[in-house]
Amino acid sequence: MSTAPQPKQGTRPVAIVSFAQAPTQRRIEQANEVELLMPVIGEVYAQANMTKDDVDFVCSGSTDYLIGGPFSFVTALDAVGVWPPKRESHVEMDAAWALYESWVQLQEGDLDVALIYGFGKSSLGDLQRILALQLDPYTMAPLWPDQVSLAALQAQAMIDKGLATEEDFAGVASRSRRDAMNNPNAQVANDLDVATLLKEEYIASPLRRHCVPPLSDGAAAMILVAGDRAFDVVDRPAWITGIDHRIEAHAFGVRDLATSPSTTKAAHIAGVGEGDVDVAEIHAPFAHQEILLASALGLSSTTALNPSGGPLAANPLMAGGLIRFGEAANRIMDGTASRAVAHATSGPILQQNLVAVLEAAS
Amino acid sequence: MAEPTEVYTSAHVLEYPYSRSVGPVIGAFLTGLREGKIVGIRGENGRVIVPPTEYDPETGAETSGFVDVGPGGVIETWAWVEHPRDDAPRSTPFAWALVRLDGADTALLHVVDAASKDEVTTGARVTAHFLDEGERQGRIQDLCCFQLEETS
Amino acid sequence: MNQRCAVIGIGQTHHKAKREDVSIAGMVREAARAALDDAGMDYGDIDAVVIGKAPDMFEGIMMPEHYLAGALGAVGKPMLRVHTAGSVGGSTAIVAAHLVATGIHKRVLTVAFEKQSDSDAMWALSVPQPFAAPLLAGAGGYFAPIIRAYINRSGAPNDVGMKVAVKDRLHALKNPYAHLQLPDIDLKMVEESIMLWDPLHYLESCPSSDGAAAMVIAAEDVATAQEKSTGRSAAWIHGMAMRSEPTMFAGRNQINPQAGRDCAKDVFAQAGVTNPRKELDCAEVYVPFSWYEPMWLENLGFCDEGDGWKLTDSGATSLDGGDIPWNCSGGVLSSNPIGASGMLRFLEAALQVRGMAGEHQVADASKALGHAYGGGSQFFAMWVVGSDRPA
Amino acid sequence: MSDALEIQEPVTMLSTPIRLNYDFTAGVAQSRSLRGYAEGRFVGQRCPVCKKVYVPSRGSCPVDAVPTKEEVVLPNTATVTTFCVVNVPFAGQSIEIPYITASILLDGADITFMGLIQGIPADEVRMGLRVEAVWVPKEELGPTLASVKYFQPTGEPDREISTFREHL
């Protein structure tokens, strides 16, 4: 008989027991947000052999600016069926933070099952322009800086510090898209070597096209269960044994862009370094960020990085972080890993980072 | 089952002329730009923050004491854009850069005007270039770009 | 709740139509600074920050918590951004309180704000959407038909809403932070104000405000130490609850939503309250349109269904002699920075039980309800706070 | 520095216009309702679980959280369950004030939607009023609820409020 491992944070063991995602595409025109979410939520219920009536708490992550109207999370609730009324909350953040809020709720001890979902369609608007609205509204946003150029500032800072080269960036992209060939939910999957990739044009130097994530439409959902009840749902629940998130200063000129102290701090608190990590799913939308984050997380070369292909293969905003948690949990649940790290990011060039350690019961 | 439906799509414009009060600190920065100069403010431990904020961006402590900085500075990092977007500050190739102005301890996000990528390097010295006096309105665009200093 | 926790710091801005003297960060920091000062703390003492606001389109900043991280001293700390429509100020406080109640953090700063004057609230709430008929006319246009149905169902006299409008503005005169200060307010003034969304007069509707609210929520040991050092009681959290239901579904009771009833039942059970009218000293309830006072009196179980207007009509909810004063601060009808409005209700409830409400203090208040709702009357957040620590 | 500059007031306000272009997609279920409008009729969907008819459909039953597929064509006749008179001007408004918006319960539907009432003095509109849809001329029909010009009274006797109480 397995017992749930004692978590480093909180007092109550909580596990991911089911995860589903919509196959990511450049443009999903045939479905509005509700239609995109419904099959995904249906699938997490089916996997867990649950219905909406089993769920004690619902939490989602999304942002109004992707759809261009207020309260987009409200209509999305129609996919969930919050009737009779449920305990429910929403973060205007990647759904990985909805997972965090749910994990906190489950620590209270009176609730056992949480449904989490996130959705985002980048195809509806001009994402580069939309994301500029995340910046300081007085001195940055009026210049409309695009996120690729901002990421390039970070990549150049890494190069200047001797932390990585353009070949390294291409190496990450090549491996990610090759790994994605085994991921049916991936959007960009191919087998191109570094030399080929380095012939591509720059979008914003030193970032070439392959260093940049695809524009994606997608959605993901997950079920968390607290306590030993998780073993009733799945043989190998992915127990969240450590979790923490931190934010950095907003002004880029204040930060050392070549490092991610918020990730390092969160990883330390979550206990990443307290054991071997078999696999890490890292929310690094840009190729150089995987190198930066793997280092900030303190991972060794034995850890498999983003075997799903990661955000370079599929990058639905507001669901992308939760997908990292789902992919890492899947590796635990399918038995190919016993200790995994999941990471999510939010805000311009890695301003905010969430890290969790997922483990199988011993 | 109904037969497949044509899915309707529609253009949608979200538009508003936001009008923001800026408060005394960002106000001083924008007023400075209108006058053709760059103003920072002292944060914790006396370090000079540019653009100035009401708070130390790392500790939240109150800031006080405006300091003129620049117009010269150093490129801390940069990104060359060969094909500018329609909404970019310049229509010809340019670099986004973080520029640490002389007298400042933090860097400002802006653009560097250069003829080609080869001219831009980390550590290069640049000088603020402003719009003509009559065109300045008290906004970040009053500082139209940084230009590379002639190397002597 | 696993561990006891309490509000030990409270701050808010002076709410105004336009705060043209500050940036958004400057405005938010006024409330945060006041809450920290009240708690005897500085930004460095805080473990985590939870921020809430309504749609980002009000200010045209996508996920403004990123821009505000430094302003709120959150750098190096966890920061969460909650958005649950109009109930967000309440939900935000609850998310913050859970971080303490679960023992994860000891001192959490929670902040909610809206700087509506950067744009226009009517526009932001009624952004025309493709394929829809352009009929929506702000929140009033949504709620007025429901109010009409309530009046019809309850048989309430037509002037009950106007009485609420007068009462809450009289309360606001005792609250220096309140936006609307109408010394001459009376029934005639309300009746003569323009009928914006019949049956709602202009003065039966909430204003559009700039403003922010902040609280420091602390673990029992921290709160106890603060009580000893200041001689003031903390506002102990006796219960907190959230409920949601869909916006529209067949058979939905929009006048008296089930989610509100369930949420009230839950929060009162946690707090050991069986008769809220008797056992609570006052309530701060989200009443953005006058008639929502009688409607929520019924929904929250302060009286039987159909009797809410009778309580209001009898003066029971007035600070001036009523047995269960509602919205002593002037409520949402007097100050409405939307994202902060819910937190202001939670915060005012805490002020009352700490005996710090100044002129609008209910004498010896020891237990109070804070309430927020949002969306199409579908998201509810509530807490009960008391001057004594819960059993 | 010139004297003129020195006496300029400090900058206190900043104008930052924001314009974003979107390419909105209605999705499958909503598109079927929209196509109905283009054809001058109301098309809803029935929930396979609770059998309630939703119009316009969003593709799911918000209570049962299951896809709604069975299509139901609904008549032009309806009941006003409740209403308000809008008399507030705001940016982006496209109808002249005052106007009456009502919760419209189409015959055979289980959900209301918001519609414009015309053809009756504002002070005579009442809960329970029987109305019918007036569509824009055929050549102006399009995939939008704006194809319904407004609802006007049919002249039938009002419905008792108690008969549609569950729709309030």
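This is a predicted model: local features need pLDDT of at least 70, side-chain atom pairs count only at pLDDT 80 or more; totals for chains, interfaces and linings use all residues.

Q: OK, where does B:Pro51 sit?
A: B:Pro51 is in the loop between β3 (48-49) and β4 (66-69) of chain B. The peptide bond that joins B:Val50 to B:Pro51 is cis, with omega about -5 degrees.

Q: And what about the bond from D:Val55 to D:Pro56, cis or trans?
A: That peptide bond is cis, with omega near -10 degrees. D:Pro56 lies in the loop between β3 (53-54) and β4 (70-74) of chain D. Most peptide bonds are trans, and most residues other than glycine have a negative phi.

Q: Which phi does A:Trp144 have, positive or negative?
A: Positive, about 50 degrees, although A:Trp144 is not a glycine. You'll find A:Trp144 in the loop between α5 and α6 (147-160) of chain A.

Q: How exposed is A:Trp144?
A: A:Trp144 is partly exposed, with 17 other C-beta atoms within 10 Å. The cut-offs: a residue is buried if 20 or more other C-beta atoms lie within 10 Å of its own, exposed if 12 or fewer, and partly exposed in between, with C-beta atoms placed from the backbone.

Q: Is C:Asn327 buried or exposed?
A: C:Asn327 counts as buried, with 29 C-beta neighbours inside 10 Å. C:Asn327 has a positive phi too, about 55 degrees, although it is not a glycine. Its place is the loop between α12 (308-314) and α13 (331-334) of chain C.

Q: New topic: what is chain A built from?
A: Chain A has 12 helices and 12 strands. Its radius of gyration (taken over C-alpha atoms) is 19 Å, close to the 21 Å that the globule rule gives for 362 residues, so chain A is as compact as a globular protein of that length. That rule is 2.2 Å times the number of residues to the power 0.38. Of the 362 residues of chain A, 73% count as buried.

Q: How do α7(A) and α11(A) pack?
A: Helix α7 (residues 166-179) and helix α11 (residues 287-297) of chain A pack at about 95 degrees, with their axes 7 Å apart. Axes here are lines fitted to C-alpha atoms, for helices over the stretch in contact, and angles run from 0 to 180 degrees between N-to-C directions. That makes α7(A) and α11(A) roughly perpendicular. Angles under 35 degrees count as roughly parallel, over 145 as roughly antiparallel, 65 to 115 as roughly perpendicular and the rest as oblique.

Q: Which residues of α7(A) meet α11(A)?
A: A:Asp168, A:Phe169, A:Val172 and A:Ala173 in α7(A) meet A:Ala287, A:His288, A:Glu290 and A:Ile291 in α11(A). Being in contact means that the C-beta atoms of two residues, placed from the backbone, lie within 7 Å.

Q: Last one: how many residues does the contact of chain A with chain D take?
A: The contact takes 24 residues from chain A and 22 residues from chain D. On the chain A side, the largest share, three residues, comes from α1(A).

Terms used
Residues are numbered from 1 along each chain as its sequence is written. Chains are lettered from A and ligands numbered from 1 in the order in which they are written. Helices (H or I, at least four residues) and strands (E, at least two) are DSSP runs, numbered from the N terminus.
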